[in-house]
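Okay, everyone, thanks for coming.

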Amino acid sequence: MIKNAEEFQIETYEGVIDSSRVEWINDCEWRIIPINPKTNADSRAYLFRILNTTEDSYTFEFKQSGREQTYQGTAVKK
């Protein structure tokens with residue numbers, strides 16, 4: 001049962017649909033948790049953190065649960 005559509009993320013990558021649950025930790029951090037992982041590796045959550053914002057973008061970092069490597073990215077409003 002979907003309580004709130006904002007709690008879910010649905011993506012399509014190379015023709016494959018992937019669904020995840022979104023858990024907000026605070027205003028700048030959230031966790032993406034796979035709903036129906038196909039493998040044990042796919043079941044790991046991702047933790048995202050917003051580092052800074054501008055009027056039309058934000059810079060963030062993320063890492064997979066249980067891993068130390070952190071990645072960074074920028075999301076831009078179009």
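Before I start on the details, one definition: when I say salt bridge, I mean a side-chain nitrogen of Lys or Arg within 4 Å of a carboxyl oxygen of Asp or Glu. And keep in mind that this is a predicted model.

So, take Glu61 and Arg49. Their side chains meet in a salt bridge, at 2.8 Å from N to O. Glu61 sits in strand S5, residues 57-64, and Arg49 in strand S4, so this pair ties together parts that are twelve residues apart in sequence.

How many salt bridges does the structure hold? Four. One of them joins the side chains of Glu23 and Arg31, at 3.1 Å from N to O. Glu23 is partly exposed, at 28% relative accessible area, and Arg31 is partly exposed too, at 31%. Those two also belong to a network of salt bridges with Arg21.

On charges overall, the chain has 10 positive and 13 negative side chains. The centres of those two sets lie 5 Å apart.

Now, the nonpolar side of things. Which residues make up the largest nonpolar core? Val22, Trp30, Ile32, Phe48 and Phe60, five residues in all. Have a look at Phe48 in particular: leaving out residues up to four places away in sequence, Phe48 touches Cys28, Glu29, Trp30, Ile32, Phe60, Glu61 and Phe62.

Stepping back to the whole chain: zero helices, six strands. Of the 78 residues, 19% count as buried. The chain exposes about 6500 Å², and carbon and sulfur atoms supply 48% of that. The C-alpha atoms fill a box of roughly 35 × 30 × 30 Å along the principal axes. And for contacts between residues at least 6 apart in sequence, 2% join residues at least 24 apart.

That's my tour.

Key
Residues numbered from 1 in each chain as written. Predicted model: local features only at pLDDT ≥ 70, side-chain atom pairs only at ≥ 80, totals over all residues. Heavy atoms only, no water. Helix = DSSP H or I, 4+ residues; strand = E, 2+ residues; numbered from the N terminus. Buried < 20%, exposed > 50% of the residue type's maximum accessible area, 1.4 Å probe, protein only. Contact = heavy atoms within 4.5 Å. Areas by Shrake-Rupley, 256 points an atom, 1.4 Å probe, with all protein chains shown as cover. Lys, Arg positive; Asp, Glu negative; His and termini not counted. Charge placed at Lys NZ, Arg CZ, Asp CG, Glu CD. Core = buried A, V, L, I, M, F, W, Y, C linked by side-chain atoms within 4.5 Å.
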